Amino acid sequence: MFVCMCYGITDKQIKNAVETHGVGNMRELKQIMALGSQCGKCIELAQEVIDNTIIDE
Ligand code: FES
């Protein structure tokens, strides 16, 4: 599923960033991918994906 339409970033890519790069919040996610820097509509959903991935671990 696409989370960020502007950059074509999927929930799998975000999950991968959490699991392999230790990303824990939007600020850290933005350091490794462009997500959220265009229209910003994806930020809320991206935060949910981060939170859910951390809970699943
Ligand atoms: Fe992510 Fe627009 S959908 S910046």
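## Cysteines and disulfides

This is a predicted model. A search of the whole structure finds 0 disulfides. A disulfide is a covalent bond between the sulfur atoms of two cysteines. For a pair to count here, the sulfur atoms must lie within 2.5 Å.

C4 has 2% relative accessibility, so it is buried. C39 is partly exposed, because its relative accessible area is 44%. The cut-off for buried is under 20%, and exposed means over 50%.

## Packing of α1 against α3

Helix α1 covers residues 11-21, and helix α3 covers residues 43-56. Their axes come within 9 Å of each other. The crossing angle is roughly 50°. The two helices are therefore oblique to each other. The crossing of α1 and α3 is right-handed.

Which residues make the contact? From α1 come D11, I14, K15, V18 and E19. From α3 come A46, V49, I50, T53 and I54. By class, the α1 contact with α3 has 6 nonpolar residues, 1 polar residue and 3 charged residues.

## N52 in α3

N52 sits in helix α3.

T10 belongs to strand β2, residues 9-10. At 18% relative accessibility, T10 is buried. What does T10 touch, leaving aside residues up to four places away in sequence? The contacts are M1, F2 and V3. Strand β1 spans 2-4, and F2 and V3 are among the residues that T10 touches.

M5 lies in the loop between β1 and β2. M5 has 67% relative accessibility, so it counts as exposed. T10, by contrast, is buried.

C42 is 37 residues away from M5 in sequence. The C-alpha atoms of M5 and C42 are separated by 7.8 Å.

Methods
Residues are numbered from 1 along each chain as its sequence is written. This is a predicted model: local features need pLDDT of at least 70, side-chain atom pairs count only at pLDDT 80 or more; totals for chains, interfaces and linings use all residues. Side-chain values use heavy atoms; hydrogens and water are left out. Axes are lines fitted to C-alpha atoms, for helices over the stretch in contact, and angles run from 0 to 180 degrees between N-to-C directions. Helices (H or I, at least four residues) and strands (E, at least two) are DSSP runs, numbered from the N terminus. Angles under 35 degrees count as roughly parallel, over 145 as roughly antiparallel, 65 to 115 as roughly perpendicular and the rest as oblique. A crossing is left-handed if the near helix is turned anticlockwise from the far one by less than a right angle, and right-handed if clockwise. Contact means heavy atoms within 4.5 Å. Ala, Val, Leu, Ile, Met, Phe, Trp, Tyr, Cys and Pro count as nonpolar, Asp, Glu, Lys and Arg as charged, and the others, Gly among them, as polar. Buried means under 20% relative accessible area, exposed over 50%, partly exposed in between (1.4 Å probe, protein chains only).
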